Amino acid sequence: YALAGRVRRFAQLRRSFSSVLEVDNPYTLEVQCAVNLLTAQEAVNVVEVSAKVQKQWSNSRLDERIELVKTALGRLEANKEAIALDISSMMGKPLSQALGEVAGAIDRGLSLCELAPEALKDEVLPEKEGFFRKIAKEPVGVVLVLAPWNYPMLTAINGLIPAILSGNSVVLKHSERTPLCANHFQTAFTEAGAMDGLVSAIFTGHDEIAQLIKHPSVGFVSFTGSVPGGHKVYESVASRFIDTTLELGGKDGAYVASDANLDAAVETLVDGAFYNAGQSCCGIERIYVHKSFYDQFVEKATAIVDGYQLGNPLEAKTSMGPMAQPNSIEFLSAQVTAATKAGAVVTIGGSSTTDIAGKGRFFSPTVLANCNHEMDIMREESFGPVVGIMSVENDDEAVRLMNDCQYGLTGVIFTEDQDRALALAPRIEAGTVFMNRCDFLDPELPWTGVKNTGKGVSLSHHGFRAFSQLKGYHFKLSQ
């Protein structure tokens, strides 16, 4: 199999394997790589080695941890072409976007290094006569990072880097769609001089992961994925007194207000809806446009989408790749069909397709006009290149509709009036509110959500909190 030899060289080999995972290329539909899956006991062995290494790593100084992380990020930079090629070949995003993801992951990791000294320092309390008091932040142990396939490098960074900087070790498992990405992180840290087992890539099944979560050495779980997956992780975590971050679904809405810069809004929101073929938790899936220029917005959005080039992800001219998962095509088709039966109008796209060479599992980038909230397309996550557009009368209607959803990751307001955005932001049920931009993570801001988007916080100095156990020092001094 293509890349199979490399997988087996990277993977931690064991004496026996229970099964083999094959990953297809979403464009060629041929087997791209084959990965040997660890048995339950073999996965436990990885955790136990990681726990022993963590005991040593916890005694390291923060400046040593930062130096190691920066060196490992440098190794990702040195290998960015190979990493990007693996991403494109496993999940289908254009190579240019995969290279951008690797660069973004490195930048995010460096930002977390800059935040670490302040986030992890001890808190010495105000002097109290006869007493010394402080709050120390100690590692939690082995951190299990479960990363998704849509942004396999960027999402893994969110848990991996603060965990290592906080003195923990990491066992990293990626989605079955992008298993090689875990290897790239392990290799980067090994090449940077990390102890074997500080960052460990594993390949194993869901049942085995559930058992690992119950292992006494695992002190925290960082999960990014589906709502059903989040429920299963939380059920496993609930059997022990440990915590987890769960970044789950999204159905992010945008409001184009009456004073918005129309051209900027259209260009930004179309990109936010269709970048990475719409396979983004914070991608734009529904747009509410003030009635005064609703028709213009739909027309301009359709024209931009008409220029998208579907094709081989490895070719520079390709602007949208195929769908990563085979079942996405049927799901998106059903959503679009149901919407049109309920009165929505497809202005472009609307069906599965191939590129001009007859290859790839593509779904045509789709714009749906005349939508309403009786349609699943405006309320249930699509996770594909489909966006619904709806006309609204005013700010109040837009906010009400944006909140009429089980998810709450981000909300977007396009307006030229900052005061207007500041007034609307507290009313929007979301972890992040954007003004005049979307689909972007600032590592200095907390990344969180409400409702079925999950629980916990990553990024910013707040994101370090999950990876430390607080310890109070309360010393009565000699008189």
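**Entry 1: confidence**

I read the confidence values next. The protein averages a pLDDT of 95, and 96% of the residues score at least 70. I then turned to residues 1–17, where pLDDT stays under 50. For this stretch the model still has 42 contacts beyond four places in sequence. Where pLDDT is low, the predicted coordinates should not be read in detail.

**Entry 2: salt bridges**

How many salt bridges does the structure hold? I recorded 22 salt bridges. Side chains of opposite charge can pair when their charged atoms come close.

I returned to glutamate 429 and looked up its partner. Its side chain meets that of lysine 451 in a salt bridge, at 2.7 Å from N to O. The pair links distant parts of the chain, 22 residues apart: lysine 451 belongs to strand S20, and glutamate 429 to the loop between H14 and S19. Lysine 451 is partly exposed, with a relative accessible area of 36%.

I next noted the salt bridge of lysine 455 with aspartate 243, whose closest N and O atoms are 2.8 Å apart. Lysine 455 is in strand S21 (residues 454–455) and aspartate 243 is in strand S9 (residues 243–247), so this pair ties together parts that are 212 residues apart in sequence. I found lysine 455 partly exposed at a relative accessible area of 24%; aspartate 243 is also partly exposed, at 40%.

Aspartate 396 and arginine 427 form another salt bridge, with 2.9 Å between the closest N and O atoms. Here too distant parts of the chain are linked, 31 residues apart: aspartate 396 sits in helix H13 (residues 395–403), whereas arginine 427 sits in the loop between helix H14 (418–424) and S19. Both residues count as partly exposed, aspartate 396 at 48% relative accessibility and arginine 427 at 39%. I also recorded a network in which salt bridges that share partners join Asp24, Arg177 and Arg361.

**Entry 3: cysteines**

How many disulfides does the structure hold? I found zero. A disulfide is a covalent bond between the sulfur atoms of two cysteines. I checked the sulfur distances against the cut-off of 2.5 Å. The closest cysteine sulfur to that of cysteine 281 is in cysteine 282, at 4.7 Å, which is too far for a bond. For cysteine 405 the closest cysteine sulfur is in cysteine 281, and the separation of 13 Å is again too far for a bond. I noted that cysteine 281 is buried, with a relative accessible area of 15%, and that cysteine 405 is buried at 8% relative accessibility.

**Entry 4: a nonpolar surface patch**

Which residues form a nonpolar patch on the surface? I listed Val124, Phe132, Phe475 and Leu477, which together have about 360 Å² of accessible area. Of these I looked up leucine 477 on its own. Leucine 477 lies in the segment after strand S22 (468–476) and counts as partly exposed at 40% relative accessibility.

**Entry 5: alanine 136**

I placed alanine 136 in strand S4 (residues 131–139). Alanine 136 is buried, at 5% relative accessibility. Leaving aside neighbours within four places in sequence, alanine 136 is in contact with Asp122, Gln469, Leu470, Lys471 and Tyr473. I also noted that alanine 136 and lysine 121, 15 residues apart in sequence, are 7.6 Å apart from C-alpha to C-alpha.

**Entry 6: asparagine 436**

Where is asparagine 436 placed? I found asparagine 436 in the loop between strand S19 (432–435) and strand S20 (450–451). Asparagine 436 is partly exposed, at 29% relative accessibility. Beyond its neighbours within four places in sequence, its contacts are with Ile413, Phe414, Thr415 and Glu416. Finally, I recorded 9.7 Å between the C-alpha atoms of asparagine 436 and alanine 254, which are 182 residues apart along the chain.

Definitions and conventions
Residues numbered from 1 in each chain as written. Predicted model: local features only at pLDDT ≥ 70, side-chain atom pairs only at ≥ 80, totals over all residues. Heavy atoms only, no water. Buried < 20%, exposed > 50% of the residue type's maximum accessible area, 1.4 Å probe, protein only. pLDDT = per-residue confidence, 0-100. Contact = heavy atoms within 4.5 Å. Patch = residues over 30% accessible without salt bridge, like charges linked within 9 Å, V, L, I, M, F, W, Y side chains within 5 Å. Areas by Shrake-Rupley, 256 points an atom, 1.4 Å probe, with all protein chains shown as cover. Salt bridge = Lys/Arg side-chain N within 4 Å of Asp/Glu carboxyl O. Helix = DSSP H or I, 4+ residues; strand = E, 2+ residues; numbered from the N terminus.
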